[in-house]
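Biologist: I would like to learn how to read a fold from coordinates. Please take me through one case.

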Amino acid sequence: MAIRKSKKLPQTAALKQILKRCSSFGKKQGLPDDVPKGHFAVYVGENRSRYIIPISWLDHPEFQSLLQRAEEEFGFKHDMGLTIPCEEVVFLSLTAMIR
């Protein structure tokens with residue numbers, strides 16, 4: 001699965017933006033208490049089910065592909081958090097491979 005270059009932001013800048021908006025690096029940001037340090041929340045599927053995932057997954061090419069799709073479909077500037085545009089079963093299969 002190839003990762004296409006984004007016209008909006010370079011991949012590194014996009015990942016930094018995700019970390020700023022979605023991670024739990026401090027309570028100053030008003031983040032939920034259930035997101036442990038070093039993790040961030042994503043929303044997946046039609047029902048927007050919420051998953052807490054480790055930041056280390058940002059390095060995996062398969063997850064980067066999902067991030068690229070998320071950027072193309074939703075962008076990174078919205079209030080709900082990072083939304084991954086795929087079916088929940090696909091996301092769960094991918095996360096099982098990454099672990």
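Biologist: Which pattern does the protein follow, read along the sequence?

Modeller: Helices (H or I, at least four residues) and strands (E, at least two) are DSSP runs, numbered from the N terminus. Here the pattern is α-β-β-α-β-α, and the protein has three helices and three strands. This is a predicted model, in which local features need pLDDT of at least 70 and side-chain atom pairs count only at pLDDT 80 or more, while totals for chains, interfaces and linings use all residues. Residues are numbered from 1 along each chain as its sequence is written, and side-chain values use heavy atoms, with hydrogens and water left out.

Biologist: What span should H2 have, at 1.5 Å a residue?

Modeller: The expected span of a helix is 1.5 Å times one less than its number of residues. H2 has 14 residues and should therefore span 20 Å; its end C-alpha atoms lie 20 Å apart, which agrees. Just after H2, Gly75 has a positive phi of about 75°.

Biologist: How is the packing of two helices described?

Modeller: Two packed helices are described by the angle between their axes and by the distance between the axes. Axes are lines fitted to C-alpha atoms, for helices over the stretch in contact, and angles run from 0 to 180 degrees between N-to-C directions. For H2 (residues 61–74) and H3, the angle is about 150° and the axes are 10 Å apart. Angles under 35 degrees count as roughly parallel, over 145 as roughly antiparallel, 65 to 115 as roughly perpendicular and the rest as oblique. H2 and H3 are therefore roughly antiparallel.

Biologist: Which residues of H2 and H3 make the contact?

Modeller: Contact means heavy atoms within 4.5 Å. Glu62, Phe63 and Leu66 contribute from H2, and Phe91, Leu94 and Ile98 from H3.

Biologist: Is Met97 buried or exposed?

Modeller: Buried means under 20% relative accessible area, exposed over 50%, and partly exposed in between (1.4 Å probe, protein chains only). Met97, in helix H3 (residues 88–98), counts as exposed because its relative accessibility is 61%. Its C-alpha atom is 9.4 Å from that of Glu62, 35 residues apart along the chain.

Biologist: And is Thr83 buried or exposed?

Modeller: Thr83 lies in strand E3 (residues 82–84) and is buried, because its relative accessible area is 4%. The C-alpha atoms of Thr83 and Leu66 are 9.7 Å apart. Leu66 is itself among the buried residues of H2, which include Phe63 and Ala70. Over the protein, buried residues make up 39% of the 99 residues.
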